[in-house]
Amino acid sequence: MPGTAAEQLELQAHPGQGGGFPPSGDSGGGGDDRLSPIPRRAYMTVITLALGAILMFFLALTSSYIVRRGLGTDWKNLALPRILWVNTVVLLASSATLELARKALSRGQREAFRNFWLLTTGLGMVFVGGQLIAWRQLHAAGVFLSTNPSSSFFYVFTAAHGLHVLGGVIALLYVAFRSWQK
Amino acid sequence: MGRQRKRCKGSTSVAFALALFLILFTAITVYLFIAKPWWFPAPITEVGKLIDSQFLRTLVITGIVFILAQIGLAWVVFRYRGTGKRASYSEGNTAMEVIWTLATVVLFVGLGLYAENAWAIVHFTPASAGAMQIEVIGQQFKWNFRYSGPDGKFGKYKTVEKALEQRSRGNMNASPWQLDPADPDGKDDILLPAGQIAVPVNREVELLIRSQDVTHSFFVRELRLKQDAVPGMIIRIHFTATVIGDYELACAELCGANHNTMRTLFRVMSEDDFQKWLKEQAAN
Amino acid sequence: MASHASVAHAHAAPTGFIRKYIFSVDHKVIGIQYFLLALFSVFLGMALSVLMRIHLVWPNIHLPFFGQLTSDQYVALLTMHGTIMVFMVLTTAPQSGFGNYFLPIQIGAADMAFPVINMLSFWTTFVSLVVMVAAFFVEGGAPGGGWTAYPPLSALGKIAGPGQGTGQTLWVIGLAIFCAASLMGALNFITTTVDLRTKGMSLMRMPLTVWSWFITAILGLLAFGVLLAACVLLLLDRVAGTSFFIPGGLVATDTIISQHSGGSPLLWQHLFWFFGHPEVYIAILPGMGVASHVLSTFSRKPIFGYRAMVYALSGIGFLGFCVWGHHMFVSGMSPYSAFAFSIMTMSIGVPSAIKTFNWLGTLWGGQIRFTTAMLFAIGFVSIFVTGGLSGLFLAQPSVDLPLHDTYFVVAHFHLIMGVAAIFGIFSATYFWFPKMFGKHLNEGVGKVHFWLTFAGVYCIFMPMHFLGIAGHERRYADLNSVNYLSGGQAANFHGGLWPVQLFISFAAFVTIAAQLLFLVNFIWGIWGGKRAEMNPWEATTLEWTIPGPPPHDNFGGVVPVIYRGPYEFSVPGEKRDFVPQHLSPEQVEKA
Ligand code: HEA
Ligand code: HEA
Ligand code: CUA
Ligand SMILES: [Cu+2]
């Protein structure tokens, strides 16, 4: 009865739209003439589109960055905290574990799926935490949002990206929570 | 069928009213554009004349399109008002579609290409070497000017640090928009804060347009010239005024509540008058 | 499966008042919510324009409640007027309002793909409206940076003017929230169109309304993210001391602004207009869709050149992203790019002309029924042409030199946006009201409303062209101060152009008063209107095959199947002069 692995995956890949589930036609019976529920590919579509929108947002920031850097004489390159490299590795690792989770699920290995899934969630949190540490180190070094255009952009990019990842972590947690319930 | 008949009785009068309205509206519009009760003031540069003729060219072409479209609309609305019969069936006509697409491409893009001429004269060619330079500085809500004086060179302004330091020592008027006394080039500069701008007739003038607070826009109607004054930028434009007279220089970019009061005289003078005027200003 | 079922269940017809009418996830309720939000906003925007028109011609008058308006209040009024009209009216009603209500129905879906996101997007829009309107009530009042909010004016804070303090901050925040809302909406619209079309509803069988909502959503998806980024940067410049848009060495109100340096005011303009130009097409495309739909229905003819219409819509959408620089010809951007932007802009006239030709072609040979909806659609065509052609002047950088930032531009955008797009809304309202409320609007009152509005708006906005040509700058609070000097003698501007302004003001008062007819008709229609049959206009698309107002899941659980294109009117050899999309070939009566 619980859906196939693929169905689960769709559910889990885009849990943000939990409440937005297909209108399954009428409220009562549910005969054969019910409107077909929302096709799976709608979730693919919306995620692709959302990525497009987010891409435009970051493109706008990036082109601002390029324009702004080419202007004025006030641009000073930022000495980036080391921990950013660690964070990057953590982030890359989390994509790997997510992929492993997906593979596990499609092979039906629920236990492995859960572990990788939780690991991904954890790595996501570690990443966000790591970014916060990087911020604190910059603060301690006297580099604030308004110190220099490069630091302004650094904070804007990392904040926007941080929110983006945090959204992902919440989604991951939501799925973990739901798959625990079952 | 009966229901349709009923519906059609009213349709002749509505169709007639619509067609009449569209025709009247078109006629009045065309009349006003020909009679020109309100129009551009006469241009005082050659480029201005070019711009005016490009405007007229555009007006003629869009005017024809306008008349065709509005009268065409009036015609179809009246001619094809419902009569209770069946409409003729057509899903379109590819040949015609292609024809008017091509026609509009040629018309519109051609017009656009034609227009670049006047633009190029103002913006693609720099001012000639002998052009007289005037610095124009926008400020909420007045215009400031600077002439370079006999040496033809503008002196430097104070640095921000210097101005701040002077302020901290009690000189509250210090500003990075004041001349740096250390720069000899500035000795003979003529500053006209909240003043008027005068240019000699028939001589090329290059403006260096700047702003010290927000974005303003240098606009003299008779020059057919408008250029934003953008903080942080020095924007150069050049022109040669050919008609002596007093004109209005007005700010054309929203710069705050009193945007509308930010205007002054733009004077075109004979060479002699201009030199006299400049001396008077220098004396003040 | 339990969870699956429960979410599905969550979408069953809700019963409580709050779930049904306030936090509803039903696309139809949300559509009406958007519509009402726009209706409120448009009357607010009109009220502001009345104050503006009064101040322009009688700057010294003392008004009850307001007293004598000051210059900074005037600028604040025009800023809020423009902002509210563009965002809260023209981005909401045609797209989120009617689109929400009719897009799912016209493609045979039971709801939007993501109803909860849909609800969120409405309430986010609502919050953004509240935040913006709140700007009127804070210290210093509403912002005075224009709807384009060019920095540094909009970035420096209180030092640049009274409204540039808290008011401008609220404006930026409100706009950022609006961006988020519009992005959610766009996601939903596109996904719904791509994935929820019913059986047989191929892309080339979609009504042109659906096409226009679809393309509009794509524009929104690509444009609003950019505005969001711009708003974030502007907000940081205002509150966090960054220098994205503020260059160094500025002195405002005798204060040296030393905490900022190196930023670029032009950067904002590029970001804003990269969004802004697509935004104006976001405002007009749904209107074009409605006009096509209504013109075809009431001339009893298929739309002329359906495919060409679709290509033209897409062409406008695509080109719309390549022309933003035409707002910046005099901004100090490179004159060479001005050249490129100009040519791109001129070529946008081509798909627009195709649409105009095809509207005329649709009427040609028709049997026109002059319903109020049809009158507004015909008015749309007339006004679109008038307003579009003035765009061709502005699109040429040399001709734009004297016209930029004068009333000529005000005339251009009010006709094509402030009126053509609004005519699209009117047409849609008169057309779909019977479906949305099961009642007819009063056609007699509707026609009076049409005539007063059609004549009225031309009287308001046509003379503005001449003001602009004569060199009357826009955003001027007080005409008394405009001394028009020419040839050495002071010819008083007030004397020359004031009568024109006065005429415009009176035309505006009459036209705006006439909108009360619409309001009364609308409110009265909901309760007292004549009952409407299922398909009163003898139209072909799916919404006319279900009762009005439609049931919670639109099609009563049945999947509609589509057999034909959307505009089969007067097909030879068939008995009736319209064939609904859902009729199979066997079901069609032959003559
Ligand atoms: C709905 C909104 C909308 C639409 C659709 C348009 C459409 C167009 N706009 Fe407009 N525009 C605005 C809203 C809109 N605009 C706004 C709000 C501003 C000002 C912003 C501000 O500064 O505050 C502005 C400003 C603006 C400028 C900047 C002016 C300036 O600030 O100096 C320019 C310049 O190129 C321009 C050009 C055009 C062009 C070429 C079109 C074209 O798309 C028009 C195409 C249409 C036609 C060309 C008519 C079609 C019909 C035919 C051709 C019929 C042919 C028939 C026969 C031959 C029988 N617009
Ligand atoms: C949709 C856009 C829209 C609309 C409808 C209007 C409507 C009006 N506008 Fe405005 N206007 C703008 C958009 C719009 N405007 C913008 C963007 C600016 C620029 C701001 C800036 O410079 O920053 C501006 C600026 C502007 C100025 C220029 C100020 C200046 O530069 O100094 C003036 C001056 O007269 C003016 C006047 C009017 C008048 C008299 C109306 C009248 O109200 C016209 C009568 C109105 C109607 C006929 C429409 C009625 C519609 C309905 C009732 C709709 C029903 C809705 C639903 C069913 C949901 N407007
Ligand atoms: Cu300075 Cu407007
Ligand atoms: Cu534009």
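## The shell around ligand 2

The residues of the shell around ligand 2 comprise 27 nonpolar, nine polar and three charged ones. The model is predicted. There are 39 residues around ligand 2. The nearest are Arg53(C), Tyr74(C), His81(C), His414(C) and Arg475(C).

Five helices of chain C each supply at least two residues of this shell: α3 (27-57), α4 (71-89), α14 (407-437), α15 (443-469) and α16 (493-528). The largest share belongs to α14(C), with ten residues.

## Polar atoms facing ligand 2

Arg53(C) places a polar side-chain atom 2.5 Å from an oxygen atom of ligand 2.

## Which chains touch

Two pairs of chains touch, and chains B and C have the most contacts of the two. Chain A and chain B do not touch. Their nearest C-alpha atoms are 9 Å apart.

## The interface of chains B and C

Chain B brings 105 residues to the contact, and chain C brings 119. In chain B, the residues losing the most area to chain C are Trp38(B), Arg86(B) and Trp119(B). Together they account for 8% of what that side buries. Between them, chain B and chain C bury about 9,600 Å². Carbon and sulfur atoms carry 68% of that area.

Two salt bridges are counted between chain B and chain C. Glu473(C) forms a salt bridge with Arg221(B), with the closest N and O atoms 3.2 Å apart.

## What chain B presents to chain C

Helices and strands both contribute to the side of chain B that touches chain C. Those giving two or more residues are α1 (2-35), α2 (46-79), α3 (94-123), α4 (160-168), β7 (225-229), β9 (245-251) and β10 (263-269) of chain B. The most comes from α3(B), which gives 15 residues.

By class, this side of chain B has 57 nonpolar, 29 polar and 19 charged residues.

How values were computed: Residues are numbered from 1 along each chain as its sequence is written. Chains are lettered from A and ligands numbered from 1 in the order in which they are written. This is a predicted model: local features need pLDDT of at least 70, side-chain atom pairs count only at pLDDT 80 or more; totals for chains, interfaces and linings use all residues. Side-chain values use heavy atoms; hydrogens and water are left out. A residue is near a molecule or strand if one of its heavy atoms lies within 4 Å of it. A polar contact is a pair of N or O atoms within 3.5 Å; within protein, one must be able to donate a hydrogen and the other to accept it, and residues adjacent in sequence count only if both atoms are side-chain atoms. Helices (H or I, at least four residues) and strands (E, at least two) are DSSP runs, numbered from the N terminus. Ala, Val, Leu, Ile, Met, Phe, Trp, Tyr, Cys and Pro count as nonpolar, Asp, Glu, Lys and Arg as charged, and the others, Gly among them, as polar. Contact means heavy atoms within 4.5 Å. Buried area is the accessible area (1.4 Å probe) that two parts lose on being put together, summed over both. A salt bridge is a side-chain nitrogen of Lys or Arg within 4 Å of a carboxyl oxygen of Asp or Glu.
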